[in-house]
Amino acid sequence: MAKKKGSIVYKCSECSYTQPGWLGRCPECGSWNTMEECIVDPNSAGFQKKPDGTVAKVRPVPMSKIAVQDEDRISTGNQEFDRVLGGGATKRSAVLVGGEPGIGKSTLLIQCAAKVMANQSGGRVLYVSGEESASQVKGRAVRLGLDVDRIEILCTLRLEDILDALDSLSPVLVIIDSIQTVYSVEAGMIPGTVNQLKYCANELISWVKERDSVLFMTCHVTKDGTIAGPKSLEHMVDTVLSFERSNDEVRFLRAQKNRFGSVDELGIFTMEADGLKCISDPSALFITRRQGQTPAGVACVPVFEGSRVFVVEIQALTVPSKSSVNRVYSDKIDSARVSRVAAVLEKRGGIKFSDQDLYINVAGGVRLTESAIDAALAAALYSARTDVPLPEKTLIVGELSLAGEIRPVTKLKQRIKTGKELSYLRFIGPKFENTGESVESLKELLEKLFIKK
């Protein structure tokens with residue numbers, strides 16, 4: 001690894017005398033062969049000088065004397081993006097945006113850069129591209145109908161060039177597309193290595209932390225949809241966002257880490273000819289509009305995603321297993337949850353699933369992790385296994401325990417309110433106060449749904 005000029009000194013082990021070059025004899029104490037090579041840490045207290053030349057020591061400060069400052073945020077001009085960030089991009093913060101190639105990371109950020117410039121009376125935006133030429137970036141902006149005249153673009157892979165541009169421009173918004181292409185000679189010559197990622201990201205984050213700027217860094221993911229090399233950067237940045245795709249048009253933006261907001265919010269976009277657009281009515285994505293009767297194996301449940309309630313449709317299909325071991329096919333709901341609910345149904349509901357292959361899907365392609373979907377998932381599996389459809393206009397909510405109990409969930413009133421707005425007439429779940437049908441066990445749930453009195 002190359003070493004910075006001036007970062008190496010020679011220190012006498014006897015008297016601590018230092019000088020930039022090696023000598024056989026220490027000029028201070030006269031000892032021979034005591035000069036040892038040392039690396040200078042420019043951030044250490046011994047090298048922080050006051051104006052009068054004395055050493056500035058770093059000392060602890062009582063928490064009672066620390067003033068709490070309100071978070072100063074910059075609106076990205078995109079309602080869904082601001083929602084996932086916690087109300088906008090916080091100044092002096094670093095955001096890592098991950099997603100598969102071609103999903104729309106660059107489109108989202110160039111749109112935000114243009115809107116920030118339109119809303120800001122002063123300041124600049126620096127867009128650093130390591131994968132595309134300046135003409136390609138400008139061409140995309142023209143196709144999207146964006147005004148990018150006030151955006152500065154820098155096409156380079158060298159960290160030193162980026163830092164020079166930052167010092168000269170002092171932008172309010174910095175976009176690095178992508179961090180995997182940036183390299184510094186101080187960490188080698190090959191971009192994308194773990195050392196390069198950590199070194200380059202640390203230099204950029206350090207610059208942003210000292211100024212009222214926001215840093216966005218894009219990165220690619222593996223075939224499994226997880227951040228690969230940049231995974232080592234997650235502890236260094238303030239926010240980690242994941243860009244996901246359900247089909248060719250719909251995009252989901254989630255926060256996996258957020259020091260300045262909730263990680264439960266979900267941003268929903270559609271990719272159109274003029275860029276990414278916010279979806280005004282997300283519920284329309286997750287409910288299938290049918291003219292006739294709902295088929296067997298379909299159950300609807302109201303779920304919370306951050307501060308919003310969505311009614312989603314869980315679809316289940318059971319077929320005889322083609323081998324001695326049954327399998328679960330579910331990518332939008334954790335397959336372990338599906339197996340657990342099926343086991344409770346088999347034990348407490350008296351219906352066999354051990355000889356069936358289970359297929360689970362969620363309309364709209366959204367991933368569900370909330371425990372409140374257990375009861376609806378159980379109803380969908382039972383309906384698919386018996387080939388008996390659920391009652392029309394019915395919402396089911398509740399957590400399912402291993403003992404077959406339907407456990408309470410939070411914010412039932414908001415879930416019912418959203419269901420009523422979407423014309424649902426019947427609500428089944430745990431401990432409803434005024435509206436809805438309360439059930440305490442899986443057996444009661446199945447009786448209400450499938451046994452006609």
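Phe243 and Phe269 are both buried. They belong to a predicted model. The protein has 453 residues, and 47% of them count as buried. Its secondary structure comes to 10 helices and 23 strands. Among contacts with a separation of 6 or more, 64% are between residues 24 or more positions apart.

**Aromatic pairs**

The structure holds 4 aromatic pairs. A pair of aromatic rings is described by the distance of the centres and the angle of the planes.

| Pair | Centre to centre | Angle between planes | Geometry |
|---|---|---|---|
| Phe81 and Phe216 | 5.8 Å | 45° | tilted |
| Phe243 and Phe269 | 6.1 Å | 90° | edge-to-face |

Take the tilted pair, Phe81 and Phe216. This pair links distant parts of the chain. Phe81 is in helix H1 (residues 79-85), and Phe216 is in strand E10 (residues 214-219). The two are 135 residues apart. Phe81 has a relative accessible area of 0%, so it is buried. Phe216 is buried too, because its relative accessible area is 3%, and the cut-off for buried is under 20%.

Now the edge-to-face pair, Phe243 and Phe269. Phe243 lies in strand E11 (residues 239-245). Phe269 lies in strand E13 (residues 266-272). The pair therefore ties together parts that are 26 residues apart in sequence.

**Charges over rings**

Two lysines sit over aromatic rings. The charged end of Lys393 is over the ring of Tyr424, 5.6 Å from the ring centre. Lys411 lies over the face of Phe304, and here the distance to the ring centre is 4.8 Å.

**Helices H2 and H3**

Helix H2 covers residues 105-119, and helix H3 covers residues 134-143. Their axes come within 11 Å. They cross at roughly 70°. That angle makes H2 roughly perpendicular to H3, because angles of 65 to 115 degrees count as roughly perpendicular.

Which residues make the contact? On H2 they are Ser106, Thr107 and Ile110. On H3 they are Val137, Arg140 and Ala141. The residues of the contact divide into 3 nonpolar, 2 polar and 1 charged.

Conventions: Residues numbered from 1 in each chain as written. Predicted model: local features only at pLDDT ≥ 70, side-chain atom pairs only at ≥ 80, totals over all residues. Heavy atoms only, no water. Phe/Tyr/Trp six-rings, centres within 6.5 Å; stacked < 30°, edge-to-face > 60°. Helix = DSSP H or I, 4+ residues; strand = E, 2+ residues; numbered from the N terminus. Buried < 20%, exposed > 50% of the residue type's maximum accessible area, 1.4 Å probe, protein only. Lys NZ or Arg CZ within 6 Å of the ring centre and 35° of its normal. Axes fitted to C-alpha atoms, helices over the stretch in contact; angles between N-to-C directions. Parallel < 35°, antiparallel > 145°, perpendicular 65-115°, else oblique. Contact = heavy atoms within 4.5 Å. Nonpolar A, V, L, I, M, F, W, Y, C, P; charged D, E, K, R; others polar.
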